Amino acid sequence: MQDNFRQSTRATIGRTERCLASLASQPSAPVIHKFRTQSRRVETILREISKDGPRYQQKLSKQLCKLRKKTGRVRDLDVQVTMLRNLKIPQAAKSKSRLIRDLLDERLQREKQVSQSLDKKTVRDLRKRLKRLKTDLQLSPGIDLLSTAKRILDDLVQVNSAPDERMLHRYRVVGKRARYVAEMSSDEPNVREFVGQLKNLQDILGEWHDWLQLTERAKRTFGSAEKSPLFAALQNITRTKFHQAVNILNETRNSLQQAPGSAPVPRKPQASVQAKAAVA
């Protein structure tokens, strides 16, 4: 496990370093999206594996978190623009075009904020701390990464109340951390199954959240469903995505409460068909 952990973490830190360099020179969409994912993985290492690490690691975690949130806003806008462009709703063509323009204008401003956050000193400090982390980080004896990943989810899995928006949001965040820890463990079948369950859940919860954000943005721009066919259509899609997310969350929670390997990985529903049905 130690070898897999060392190889996995060094690869993650190395990718984060390269993304950081690219982000500082040209913050394109692919680089922004990749940095967001890789930096979150490093944050998870620092939060879950090296909780009591030296002070430079704590500073690194805070720096990465702050920058990741800024790149995350850009990523969200990119996704929302793509979703709108793929949405067929002729009766709201003008509203759709206006909202796309608004999102693109905001994206430009957000991208500038990312660039402004990456002055030479900040980039130099971040890269220095990442290089040091790559050398320093070791897995403490006795730590089982798969058990650690499952403990991250324990409090949520044991909750018996029906899933609501708040719970979906918590699973989105906590599920990512648990998955990233498990992926550093090994390539054994029980680990692959656990990671597969969380990745599937993460994908569906993320899709619901993207539609939710877009719907809330449309409501702020156009008002109620009675006033805006676009908002009404988005509201219907988001409602469908919410029910899909609740169903997959219930399946996953039931599976995680059972003995390891006793339940198959839930299958992802056909999102495109559901979206079309919701609009219709």
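Me: What should I know before I start?
Reply: The model is predicted: local features need pLDDT of at least 70, side-chain atom pairs count only at pLDDT 80 or more, and totals for chains, interfaces and linings use all residues. Residues are numbered from 1 along each chain as its sequence is written, and side-chain values use heavy atoms, with hydrogens and water left out.

Me: How many salt bridges are there?
Reply: A salt bridge is a side-chain nitrogen of Lys or Arg within 4 Å of a carboxyl oxygen of Asp or Glu. By this rule there are 19 salt bridges.

Me: Which residue forms a salt bridge with Glu48?
Reply: Arg177 does, with the closest N and O atoms 3.1 Å apart. Glu48 sits in helix α2 and Arg177 in helix α7, 129 residues apart. Helices are DSSP runs (H or I, at least four residues), numbered from the N terminus.

Me: Are Glu48 and Arg177 buried or exposed?
Reply: Buried means under 20% relative accessible area, exposed over 50%, partly exposed in between (1.4 Å probe, protein chains only). Glu48 and Arg177 are both buried.

Me: How far apart are the closest N and O atoms of Asp187 and Arg192?
Reply: They are 3.7 Å apart in this salt bridge. Asp187 is exposed, at 58% relative accessible area. Arg192 has 45%, so it is partly exposed.

Me: Why does Ile89 count as buried?
Reply: Because its relative accessibility is 5%. Ile89 lies in the loop between α3 and α4.

Definitions and conventions. Helices (H or I, at least four residues) and strands (E, at least two) are DSSP runs, numbered from the N terminus.
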